[in-house]
Amino acid sequence: PQPLPGSKGESEELVRAAGEGQLERVVQLLQQGYAVNSVRAVDPENPLNNGATAAHMALLNGHIEVFKVLVNAGCDVDKVKADGESPCVMAAQQGHREALQILV
């Protein structure tokens with residue numbers, strides 16, 4: 001069954017797909033109305049990722065094409081996760097030049 005729009009399951013599904021680099025799945029979920037700023041509420045493996053958006057997870061794992069799709073869909077590149085990092089800051093810290101070019 002598909003999660004209801006705005007539900008916790010929806011947030012987790014989009015964030016997970018972005019973090020895994022599933023470009024086609026991310027596009028599909030966005031087309032179905034999933035919120036581009038969906039948030040991972042809790043990351044048991046890394047509490048610093050609590051509150052991470054799909055954009056955070058795409059950058060964390062180097063999925064720049066997924067990040068581009070999220071930016072084009074209007075994601076908030078200034079939204080911070082538990083450790084205070086925004087996607088914009090992450091792109092700079094991790095040296096994702098292509099992602100930074102999208103942002104400027």
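Start by selecting glutamate 13, which counts as buried because its relative accessibility is 16%, where buried means under 20% relative accessible area, exposed over 50% and partly exposed in between, with a 1.4 Å probe and protein chains only. You are looking at a predicted model, in which local features need pLDDT of at least 70 and side-chain atom pairs count only at pLDDT 80 or more, while totals for chains, interfaces and linings use all residues. Residues are numbered from 1 along each chain as its sequence is written, and side-chain values use heavy atoms, with hydrogens and water left out.

Glutamate 13 and arginine 25 form a salt bridge, with 2.1 Å between the closest N and O atoms; the term stands for a side-chain nitrogen of Lys or Arg within 4 Å of a carboxyl oxygen of Asp or Glu. This pair links distant parts of the chain, since glutamate 13 sits in helix α1 and arginine 25, twelve residues apart from it, in helix α2. Helices (H or I, at least four residues) and strands (E, at least two) are DSSP runs, numbered from the N terminus. Arginine 25 counts as partly exposed, at 26% relative accessibility.

**Now select leucine 14.** Leaving aside residues up to four places away in sequence, leucine 14 touches several residues, among them Val26, Leu29, Tyr34 and Ala54; contact means heavy atoms within 4.5 Å. Which residues touch the most other members of the largest nonpolar core? Of its 25 residues, they are Leu14, Ala18, Val26, Leu59, Phe67, Leu70 and Cys75. Helices α1 (8–19), α2 (23–31), α3 (54–60), α4 and α5 each supply at least two residues of this core. Such a core is a set of buried Ala, Val, Leu, Ile, Met, Phe, Trp, Tyr and Cys residues joined through side-chain atoms within 4.5 Å.

**Move on to cysteine 75.** Look in the loop between α4 (64–72) and α5 (87–93) to find cysteine 75. Is cysteine 75 buried or exposed? Its relative accessibility is 9%, so cysteine 75 counts as buried. Not counting residues up to four places away in sequence, cysteine 75 touches Val36, Asn37, Ala55 and Leu70. Select serine 38 too: 37 residues separate it from cysteine 75 in sequence, yet their C-alpha atoms are 9.1 Å apart.

**Finish at lysine 81.** Lysine 81 is buried, with a relative accessible area of 6%. Its side chain meets that of aspartate 83 in a salt bridge (2.8 Å, N to O), and lysine 81 forms another with glutamate 85, at 3.5 Å between the closest N and O atoms.
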